[in-house]
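Hi everyone, thanks for making time today. Let me put the sequence and the model up on the screen, and then I'll walk you through it.

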Amino acid sequence: MDEHYISEMRDRAITLAEDPLRCQSLPHMELAGWDVLELIMVSKSEDYPDLFELHRDGNNWHWINKPSGIDQKFTFLDPTTLPCGPLEYITRQAQGDFAVLDQREGNLWMDAGMITSQADWSLDFDIGMNFFEWHAPVPKAAEMGIFQRALKFLLNIQQGDPSRRLNWTMTVNPRLDTSPENYHKWGPEKRTVTPENLGQKQYLRVELQTFFRLPRSNGLLFPIRCYLIRLDDLVTVPKWGRRFHRVLRDLPDELAEYKGFAVNRPMIVEWLSKYDDGAPTSPGTAPDV
Ligand code: HEM
């Protein structure tokens, strides 16, 4: 949770009002929804006790979300006692997207989620797909065997032992919702980038992705938290400016195309080259300053 909590939750509410299909849950996923609600309520109340409270007496629960002005008494596992389903209820109050995967037949299935800040993929398109199907558009990784190994790893995630990975792409303007459904709004903005305004308009988009085993449903929760930094800010850390220049310069064409910035890549690489003095960079992401 950070200073963007209220504005990101407002942004989610606006996106959902325009397109309710950003939140979906197939009928067999309701128990997983309660698992998610429990995980988020317990975590928030333990991590931020001055902002969130959870009081439990058997299945009689009392949830207080002070920043949002919410005070809700309900019966755990009884959906008639909440204003909407448990997954929608709690993910309207938690930053980041949430994919909820069912595990069966040695695979993971995208059978529920709250997805309003995605990097050009659609829950409504992917709902019901398995791990290999929803990853099918990704270049290179399948033939390198990466998805076979990743799935094996994910199927063995244990309760109480979550894991994480990072992903990145590029976004023009600080938009959380870069969905295929709204491509007509954000896609054309790529053509507005010039060498003069690039430092302000072009953003690095980093996703912190985590994996949690869910206790009752044996589902897997995949939260995706998106962070945006404009290039003017990124290059204030010399190591980041140097490294980002080299990453973008050397990235295979298919990946620049897939990540959606091929059209502006030469301009961005040229702009970043001013911040690369050729010095070596230390391992890891620490800024070294
Ligand atoms: C169950 C957890 C996961 C979910 C729900 C998930 C979901 C997705 C989705 C929806 C996409 C976009 C595909 C598209 O273009 O339509 C994607 C991309 C991708 N995923 Fe996953 N993923 C998961 C786990 C992983 C893991 C463990 C890896 C590790 C190798 C991985 C690697 C990737 C890569 C490399 C991309 C391409 C991203 C880019 O280049 O910007 N995913 N994932």
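First, the ground rules. This is a predicted model, where local features need pLDDT of at least 70 and side-chain atom pairs count only at pLDDT 80 or more, while totals for chains, interfaces and linings use all residues. Residues are numbered from 1 along each chain as its sequence is written, and side-chain values use heavy atoms, with hydrogens and water left out.

So, which protein residue is the donor to the iron atom of the ligand? A single one, His135, through NE2, 2.0 Å away. Donors here are N, O and S atoms within 2.8 Å of the metal, or 3.2 Å for Na, K and Ca, and since water is not among the atoms, sites may look incomplete. His135 sits in the loop between helix H5 (131-134) and helix H6 (146-155). For the element names, helices (H or I, at least four residues) and strands (E, at least two) are DSSP runs, numbered from the N terminus.

Around the ligand we have 20 residues, and the closest are Trp121, Trp134, His135, Tyr258 and Lys259; to be counted, a residue needs a heavy atom within 4 Å. Now the polar contacts, meaning pairs of N or O atoms within 3.5 Å. A side-chain N or O atom of His135 is 2.8 Å from a ligand nitrogen. On the ligand's oxygen atoms, a polar side-chain atom of Tyr258 lies 2.5 Å from one oxygen, and a side-chain N or O atom of Lys259 is 2.9 Å from an oxygen. H5, H6, strand E7 (163-172) and helix H11 (253-259) each give two or more residues to this shell, and H6 gives the most, with four.

On to helix H1, residues 5-18. Its buried residues are Tyr5, Glu8, Met9, Arg12, Thr15 and Leu16, buried being under 20% relative accessible area and exposed over 50%, with a 1.4 Å probe and protein chains only. Seen down the axis, they fall within an arc of 120 degrees, so they line one face of H1; the arc is taken from the directions from the axis to the C-beta atoms. The face turned away carries the exposed Arg10, Ala17 and Glu18.

Finally, helix H12, residues 265-273, buries Arg265, Ile268, Val269, Trp271 and Leu272. These also line one face, because they fall within an arc of 160 degrees. Pro266 and Glu270 are exposed on the face of H12 turned away from its buried side.

Key:
A polar contact is a pair of N or O atoms within 3.5 Å; within protein, one must be able to donate a hydrogen and the other to accept it, and residues adjacent in sequence count only if both atoms are side-chain atoms.
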